[in-house]
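Here's a quick tour to read with the structure open beside you. Have a look at it, then work through the points in whatever order you like.

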Amino acid sequence: MDAAALITSLASQGPLLLTAIHVATAGMVTIHALMRKRDVPAAIGWIGLAWLSPFFGPLLYFGFGINRVKRRARRLRGAEEHARSQRGTVAAGPTGSLQRAVGRITRARPEAGTVSAVLECGDQAYPRMLAAIDAATTSVALSTFIFRTDELGLKFVAALVRAHRRGVAVRVLIDGFGGGFLFSRAYHALRREGVPAARYLHSLLPWKMPLLDLRLHKKILLIDGRMAFVGGLNIGGENCVADRPPEPVRDVHFLVEGPVVRQITESFQDDWTFSTGESLEGEAWFPSMPAEGGAPARVISSGPDQSVDQLMLVLLAAINTASSSLRIATPYFLPDEQIITALQLAALRGVEVHIVIPRRNNHRLMGWAMQAHIRPLLKAGCRIWHSPDPFDHSKLATIDDGWSLIGSANWDARSLRLNFEITVELYAPELAVRIAALIDGKRGEAVTLEQIDARWPIVKIRDAAARLLMPYL
């Protein structure tokens, strides 16, 4: 058969070939979703998209629906998690049932920990963080979602370079998307100076990207393995409210000390080893510390590489434990129905539930979706408040003035299922009272059922449509 005849034959068979490819790819998506997706609505959605949108649907599933991190990360963590699960336990206190539940969820025991400083905004946090880097003698580890190279970011670059040049072991991990997907200026600035830096889950080659929608959302600064700055603060000048940036962001960061810092270091080590293959060992990273001192605390490292949704289960356990009060401050409040139902039940059994969200969100779609999500909570008796401008990025929670949760995680589907997050729970009544007062201080105008119901019908439709994007906002 000559070339012309071959082309004619293939052309005549084109529709059949395209149909066969469509059936094959949609069939593969169907089998994979049925076997791998725990969330039934998500599985149904992906299967429907694959069959109803030939080629485009399977392509989207390849980019956003297949989690290729789980197997590799689990290999790295397995031995460490097993060893941690064999450790002893701390005697139960007033919140002993929650303490035991979180221990079984995370397979980690409480360690002594102290919040030495509550730092509001970058105005308070950044000077302390930069001074700590300059005072470091053995090691500095930094993990961040956003690392800008504005005036503030360049101060961090310079401090990290100085530490590296004086012989301190420095490691910097920047999210591959939030730190600039196409070009990360901070990453390249550090690499030019010889500072060991890496980008988490970043590659321009599609087959090397574990999942396009995953983010390293942790914010960690470790100094000499003995102190850790954690919270919601990225590295960028917008967090210095006193400098009057064009789009200011208010946030809260915490300085944590004590044996629990070792768990924070282990979380960073896990991410660094996954990204680079280098394991951080020795006294520089894990110094000897007295086992006592401070209240019981525990790190919850969560992400889509886990066999169970640890952070989701911890939040459910905490909500169900609350007997008198539950306070939440979060910039993005879009949890799934399990959390919504638990909060409703808490309010119905007499718990005072207060949720503080920003009056004006920095992500417009998120703000719209949140308006369509909160009505059932208001109807059940939960109190929802708008924090006044500027945009508040704080992530805080307390129950019964005895338990606190701090860290990088928001109360939304992305943080609970797609992001790699770090949070720290603390069983410290004095700290819980302080954080509760901090949350109360953020309360501005109350959100009411009348306000939600008074929206124009077209606005309600818009908000409900935005809510459909909940897993990816």
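By class, the residues lining the second largest pocket are 14 nonpolar, 10 polar and 9 charged. That pocket has a volume of about 840 Å³. Keep in mind as you go that this is a predicted model.

- So who's around that pocket? A set of 33 residues lines the second largest pocket, and the ones closest to its centre are Tyr332, Asn362, His363, Phe391 and His393.
- How many cavities of 30 Å³ or more turn up in a search of the whole structure? The search finds 5 of them.
- Rolling a probe the size of a water molecule over the atoms is what shows where empty space is left.
- The second largest cavity comes out at about 80 Å³ in volume.
- Its lining is made of 13 residues, and those nearest the centre of this second largest cavity are Lys395, Leu405, Ala409, Trp411 and Thr423.
- At least two lining residues of the second largest cavity come from each of α11 (310–321), β16 and β17.
- Which of the elements gives the most to that lining? It's β17, with 3 residues.
- Sorted by class, the lining of the second largest cavity splits into 8 nonpolar, 4 polar and 1 charged.

**The chain as a whole**

- If you count along the protein chain, you get 18 helices and 20 strands.
- The chain has 473 residues, and 54% of them count as buried.
- Take the contacts in the protein chain between residues at least 6 apart in sequence: 80% of these join residues at least 24 apart.

**Helix α9, side by side**

- Helix α9 spans residues 185–192, and its buried residues are Ala186, Tyr187, Ala189 and Leu190.
- Why do these four end up on the same side of α9? Because they cover an arc of only 165° around the axis.
- What do the buried residues of α9 pack against? Their partners are α8 (151–165), β3 (169–175) and β4 (197–200).
- Just past the end of α9 sits glycine 194, which has a positive phi of about 85°.

- The peptide bond running from aspartate 389 to proline 390 is cis, and its omega is near 5°.
- Where is proline 390? Look in the loop between β14 (383–387) and β15 (391–392).
- Arginine 107 isn't a glycine, yet its phi is positive, at about 60°.
- You can find arginine 107 in the loop between α6 (96–106) and β1 (111–120).
- With 37% relative accessibility, arginine 107 counts as partly exposed.
- Aspartate 400 is another residue other than glycine with a positive phi, in this case near 55°.
- This aspartate 400 belongs to the loop between β16 (396–399) and β17 (403–407).
- Aspartate 400 has a relative accessible area of 24%, so it is partly exposed too.

**Cysteines**

- How many disulfides does a search of the whole structure find? The count is 0.
- Take cysteine 121 as a case: the closest cysteine sulfur to its own is in cysteine 240, and at 8.6 Å that is too far for a bond. The cut-off for a disulfide is sulfur atoms within 2.5 Å.
- Is cysteine 121 buried or exposed? Its relative accessible area is 10%, so cysteine 121 is buried.
- Cysteine 382 is buried as well, because its relative accessible area is 3%.

- Phenylalanine 55 lies in the loop between α3 (40–52) and α4 (56–64).
- At 37% relative accessibility, phenylalanine 55 is classed as partly exposed.
- Which residues does phenylalanine 55 touch, leaving aside those up to four places away in sequence? They are Leu18, Ile21 and His22.
- Phenylalanine 55 and valine 23 are 32 residues apart in sequence, while their C-alpha atoms are 9.7 Å apart in space.

Definitions and conventions:
Residues numbered from 1 in each chain as written. Predicted model: local features only at pLDDT ≥ 70, side-chain atom pairs only at ≥ 80, totals over all residues. Heavy atoms only, no water. 1 Å grid on protein atoms, 1.4 Å probe; cavity = no way out; pocket = protein on both sides within 12 Å on 5 of 7 lines; lining within 4 Å. Points joined across faces, edges and corners; volume = space filled by probe spheres on them. Nonpolar A, V, L, I, M, F, W, Y, C, P; charged D, E, K, R; others polar. Buried < 20%, exposed > 50% of the residue type's maximum accessible area, 1.4 Å probe, protein only. Arc of directions from axis to C-beta. Contact = heavy atoms within 4.5 Å.
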